[in-house]
Amino acid sequence: MLKYLSTIIIPICLVIIISTQIYNYYQNMDISFPLIAMIFFLMPTVLANTKYKNSKRINNFNIFMLITGFVIIILSLFK
């Protein structure tokens, strides 16, 4: 069940979050930074179940995504 969750449901949820944020931006010119940070936090989970999961580039990309998510959360606190 966990493998199904991380391979199918989480990427679909990320696509839904991204599409709703794009729609919200064009309608209201507003961005929800915590939702954008959630995309950055969940992306390493999505990439963990690919055939490149042990690649050094993917590991560096995962670290970059987590750091970017933390920066976005911190910046959203001051907005």
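Is I10 buried or exposed? Colleagues, I shall take that question as the starting point for this chain. Please bear in mind throughout that the model is predicted.

I10 lies in helix α1. Its relative accessibility is 15%, and because buried means under 20% relative accessible area, I10 counts as buried. In sequence, I10 and T45 stand 35 residues apart, yet their C-alpha atoms are 8.3 Å apart in space.

Which residues make up the largest nonpolar core? I10 belongs to this core, together with L14, I17, I39 and V46, which gives 5 residues in all. At least two of the core residues come from each of the helices α1 and α2. The most is given by α1, with 3 residues.

Helix α1, which covers residues 2-28, gives the most to the patch, with 4 residues.

Where is I31 found? I31 sits in the loop between α1 and α2, the latter helix covering residues 33-47. The relative accessibility of I31 is 34%, so this residue counts as partly exposed.

I10 is a buried residue, whereas I31 is partly exposed. Thank you for your attention.

Technical notes. Residues are numbered from 1 along each chain as its sequence is written. This is a predicted model: local features need pLDDT of at least 70, side-chain atom pairs count only at pLDDT 80 or more; totals for chains, interfaces and linings use all residues. Side-chain values use heavy atoms; hydrogens and water are left out. Buried means under 20% relative accessible area, exposed over 50%, partly exposed in between (1.4 Å probe, protein chains only). A nonpolar core is a set of buried Ala, Val, Leu, Ile, Met, Phe, Trp, Tyr and Cys residues joined through side-chain atoms within 4.5 Å.
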